[in-house]
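Please look at the sequence and the three-dimensional structure shown here before reading on. The report after them is written for a reader who is new to this kind of description.

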Amino acid sequence: MHLTKYLVLPKEMTPFEQRYLTRMNKIALIFFYLHIPALMAVAWVAGTGPLFALTLSLFVMIGPTLAYQMIKHPRSLSVVYGITAMLMGGLLVHFGQGPVQIEMHFYFFALLAMLCMFANPLVNIAAAVTVALHHLIVWLIIPSSVFNYDAQWWVVLVHAAFVVLETIAACYISREFFDNVIGLEKIVEARTATIREKQRDMRLILDHVETGLITIDLDGRMSSECSHVVEQWFGAPVAGEKLATWLGMRDANYGEWLELALESVKDGMLPPEVALGQLPKLLKDKDKTYAVSYQLIVNAQNAPERVAHEHQVVPRPDTAAAVAAPEKILVIVTDITERLRKEAAERYQAELLQLFQHIMRDKSGFIEFLAEAEDIMRTLKSGKRENIDQMKRLVHTLKGNSAIFGMRRLSEQCHELENTMAEEGRALTETELASLQQSWAQIRSDLGKLIGEHRQSSIEIDDADYEAIIKAVLDGVDQQIVVRLIESWRFEPAGRRLARIEQQIKGLAERMGKSDVAVAIEPHDVRYNSERFAPFWSAFIHVLRNAVDHGIEDRELRRANGKPVQSLIKVSTRVESERFVVTVEDDGPGVDWEALREKAGKLGIPATVYEKKENLVFLPGVSSKTSVTELSGRGVGMVAVRDACEALGGTVQVKSESGVGTRVSFSFPKDQTVYEGHAAMLRGAATQQAAA
């Protein structure tokens with residue numbers, strides 16, 4: 001049964017086999033007709049009658065010719081041609097009688113071998129049976145037609161044995177030819193079907209994943225295959241088009257960055273992880289934001305052999321130098337728009353909670369901040385921006401105060417705008433200012449719900465003020481002094497402001513990672529008009545930032561210099577010689593004057609401008625910091641606070657001693673907007689009464 005299945009081909013014929021056998025049968029028929037002149041030539045040489053050879057040859061060709069016309073099945077026709085081939089061999093041996101007649105038998109074996117081209121074992125068997133019958137029958141009737149000598153029966157058996165051996169080999173060759181060449185189409189179809197099935201499965205996956213998947217070569221050219229969601233987001237990619245060009249139409253910055261960064265990946269000069277790390281990670285398309293990651297697709301055959309070592313995969317020592325050759329890059333795109341919106345909403349809610357805590361802790365201070373911020377926003381919106389330096393100071397001040405009161409988003413936006421102005425050397429555009437205004441308007445609207453838009457003015461007094469006024473009345477203090485005491489209640493106590501400043505210093509120190517600091521405040525019972533001094537206190541935050549950033553030293557360094565291990569920042573207000581003085585001092589390393597001079601020189605500022613070294617502190621863009629952070633390094637803060645001081649008729653003085661510390665003092669005229677407080681007033685009243 002197995003032998004029969006091996007010798008008999010399957011009934012199904014592939015289109016390829018049909019075409020192949022049709023062509024081979026046609027060639028075979030022509031080949032047989034070419035035997036006629038050849039047999040006539042052999043008969044003429046051997047003297048066996050060329051005309052007789054023509055007659056017999058034509059007689060033999062009747063069968064295959066009719067079969068070619070009538071038999072439509074190419075395999076069946078091939079079997080007929082197998083028989084025809086052996087008959088032609090018999091004619092050759094018959095007409096080749098003579099000294100080389102026995103050598104003519106080799107033609108049988110040549111024909112048996114050529115019949116393997118039909119890829120059908122039955123053709124070889126039909127031919128073998130034909131040649132066997134030819135030898136047996138013709139040897140019995142006309143022995144001279146087969147052998148040129150008086151051959152014995154065993155000679156015929158020897159010939160038959162060789163035919164059997166060659167037929168076995170020919171059948172094997174024919175079947176192998178059928179299975180591996182003629183049947184190759186089936187193999188290809190089967191494998192193609194498997195590939196198509198896998199492609200369908202992969203397409204099914206790509207059509208249903210929510211992640212964009214694109215493959216590119218090292219030149220950045222895309223393949224035609226991508227996940228369905230990519231087509232939804234960006235349209236169908238064109239095979240061979242560069243990804244940087246395609247996505248660059250939506251985000252020019254992404255396209256330019258990708259084009260440049262791919263060069264380092266292609267060059268292979270950097271480790272793959274480092275090279276991929278340089279590729280852009282974010283793609284912005286209108287109101288959508290996408291996260292983009294990359295993965296090298298490496299030819300596994302070129303990858304270095306690896307072994308497990310201490311739970312890690314490392315190259316073998318003898319192959320460590322081998323470098324896997326990356327062929328393509330898988331680009332993974334994820335829509336993170338909603339995630340960012342959710343995170344932004346959560347941050348905003350947390351920010352509002354923090355703002356609410358500030359309001360509950362110091363409502364008047366917070367309202368004052370809002371008024372200051374409103375004034376800054378009005379100035380920016382009105383277009384009264386004399387120069388870029390003024391705009392930098394306004395944005396820098398708004399950033400600092402927003403950070404102090406927990407408005408992180410607004411502070412970060414101001415920081416980005418500062419970067420833009422510094423890097424591009426220009427003022428903010430109307431669009432950039434409108435975006436800042438929109439952010440502020442949203443925050444301001446929500447804050448209005450927390451604190452109320454219509455606030456009635458009120459006066460708050462503490463126990464000391466209450467007891468002082470009672471004592472003054474009972475002691476018969478002059479009415480004018482009592483009136484001044486009561487009028488002073490409308491002004492803000494400096495102690496309240498300094499308590500707020502103390503919290504700001506601690507908050508700044510914590511954000512800068514310098515929480516090891518002691519803060520001392522000395523208000524000296526001073527009151528002042530909070531509205532008049534609001535712009536100054538708004539800019540005053542820059543002095544505090546400098547004190548924290550430059551005045552707090554490392555514990556070990558302080559111990560080595562013989563200082564207390566905890567840094568100290570002291571803030572005070574007092575009235576001295578009819579001047580209202582505000583002072584901030586630290587016990588840090590002091591101002592690095594040489595660093596400031598060097599920075600001023602790099603900016604091209606003439607040395608005559610800072611002939612007095614204290615002026616270096618107030619030069620725009622001059623800072624001893626080597627890098628810009630969200631909190632410091634711009635060199636514009638001290639300029640802003642000096643301008644605010646001078647706007648009130650005040651002066652500023654900076655004293656610094658290396659290794660000892662820095663003291664910044666602001667001195668204002670003491671007018672009707674500054675009161676020394678009830679204790680000083682009562683002391684003055686007592687002195688007047690004693691003199692009287």
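This is a predicted model: local features need pLDDT of at least 70, side-chain atom pairs count only at pLDDT 80 or more; totals for chains, interfaces and linings use all residues.

Residues are numbered from 1 along each chain as its sequence is written, and side-chain values use heavy atoms, with hydrogens and water left out.

## Aromatic rings

The structure holds 21 aromatic pairs, where rings of Phe, Tyr and Trp (its six-membered ring) pair if their centres lie within 6.5 Å, and where planes under 30 degrees apart count as stacked, over 60 as edge-to-face and the rest as tilted. The table sets out two of these pairs.

| Pair | Centre to centre | Angle between planes | Type |
|---|---|---|---|
| F31 and F32 | 5.9 Å | 55° | tilted |
| W537 and F540 | 5.2 Å | 80° | edge-to-face |

Burial is given by relative accessible area (buried under 20%, exposed over 50%, partly exposed in between, with a 1.4 Å probe and protein chains only). F31 counts as partly exposed because its relative accessibility is 32%, whereas F32, at 3%, is buried. Both W537 and F540 are buried, and they lie 3 residues apart, about one turn, in helix α22 (residues 530-551); here helices (H or I, at least four residues) are DSSP runs, numbered from the N terminus. W537 and F540 also belong to a cluster that ring pairs link together, with Y528, F533, F536, F580, F666 and F668 as its other members.

A charge sits over a ring if NZ of Lys or CZ of Arg is within 6 Å of the ring centre and within 35 degrees of the ring normal. R532 lies in this way over the face of F533, at 5.4 Å from the ring centre, and R175 lies over the face of Y6, at 5.7 Å.

## A cavity and a pocket

Both kinds of space are found on a 1 Å grid over the protein atoms alone: a cavity is a set of points where a 1.4 Å probe fits but cannot get out, a pocket is an open set with protein on both sides within 12 Å along at least five of seven lines, and lining residues have an atom within 4 Å of a point. By this rule there is 1 cavity of 30 Å³ or more, and the largest cavity has a volume of about 110 Å³. Of the 14 residues that line the largest cavity, N401, F405, R497, Q504 and W537 are the closest to its centre. Helices α15 (363-382), α21 (494-511) and α22 each give two or more residues to this lining.

The second largest pocket has a volume of about 860 Å³. Its lining has 18 residues, and R409, Q413, E416, S435 and S439 lie nearest the centre. The elements giving two or more residues are α14 (337-361), α17 (408-424) and α18 (430-451), with the largest share, 7 residues, coming from α17.

## Single residues

N124 is found in helix α7 (residues 121-141) and is buried, with a relative accessible area of 0%. G495, in helix α21, counts as partly exposed because its relative accessibility is 27%. G495 and S572 are 77 residues apart in sequence, yet 9.1 Å apart in space, C-alpha to C-alpha.

Definitions and conventions:
Grid points are joined across faces, edges and corners, and a volume is the space filled by probe spheres set on the points.
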